[in-house]
Amino acid sequence: MASQQANLDKMKMRQDYRNLWHTDLMHTMQADTPYCCLALWCAPCVSYMLRKRALYNDMSRYVCCAGYLPCSGKCGESRCPEFCLGTEVFLCFGNSVASTRFLLQDEFNIQTTQCDNCIIGFMFCLQQIACIFSIVAMIVGSDEISEASQILSCLADLVYCTVCACMQTQHKIEMDKRDGMFGPQVMAVPPVQQMSRIDQPLPPTVGYPPQPAYGYPPPQPQGYPPAGYPPAGYPPAGYPPAGYPPR
């Protein structure tokens, strides 16, 4: 229970992450087309390589599904981590991709953008709709519904394979950035949505101190007014005379 609660806390914390993926899911194929094709046709092998690379090639740190499932740490990973990872990527491919994603997000405080959430949500919804159509086709026995369920199943599988390939390419590009393959990092101006968040702390004051309003009061030279001014006895006693100015 404690480990499950810790995972739930991590999921809630993941919603407050500030960093972004180096490449979103929409542009992964454009960013690294050869690797995206490799991730499409050799998905389990790519998942194996990415998880091992995410662990800095230290398989002694490997835990089944990166520790995000109740069975993690109870499958004898410490005795044969390579075999366990191979079993994970072939038998639980979807979980292996998601676990690597969560591992990178927690390490680098990376949030999932709304666009990425929409793509992943569409993939899940399409799979559920295809499953519902398949069940209805078995119950009703209609040829039209059965054909529609097969089309939806093929479409859901195509979307699933495509999204997983893009996700794995996204993970690879992020680790390329981590390992310094893009050269020194340069500070970039954040998008407006990030700059306008009211929960961000105010930046420290830099540059010149606050200046008075333009033109007022005018700057006074040092030593002004001169010492002894106004002179003693000025204005004279009785000035202005009583009754002045006249009413």
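**Helices α3 and α8**

I looked up how α3 (residues 33-41) and α8 (residues 143-178) sit together: their axes come within 8 Å and cross at roughly 130 degrees. Axes here are lines fitted to C-alpha atoms, for helices over the stretch in contact, with angles from 0 to 180 degrees between N-to-C directions. Helices are DSSP runs (H or I, at least four residues), numbered from the N terminus, and strands are E runs of at least two.

This is a predicted model, where local features need pLDDT of at least 70, side-chain atom pairs count only at 80 or more, and totals for chains, interfaces and linings use all residues. Residues are numbered from 1 along each chain as its sequence is written, and side-chain values use heavy atoms, leaving out hydrogens and water.

I noted that α3 and α8 are therefore oblique to each other (under 35 degrees is roughly parallel, over 145 roughly antiparallel, 65 to 115 roughly perpendicular, the rest oblique).

Which residues of α3 meet α8? I found Tyr 35, Cys 36, Ala 39 and Leu 40 in α3, and their partners in α8 include Cys 161, Ala 165 and Lys 172 (contact means heavy atoms within 4.5 Å).

**Salt bridges**

I searched the whole structure and got seven salt bridges (a side-chain nitrogen of Lys or Arg within 4 Å of a carboxyl oxygen of Asp or Glu). Arg 51 pairs with Glu 88, with the closest N and O atoms 2.8 Å apart. Arg 51 is in α4 (residues 43-54) and Glu 88 in α5 (residues 81-91), so this pair ties together parts 37 residues apart in sequence.
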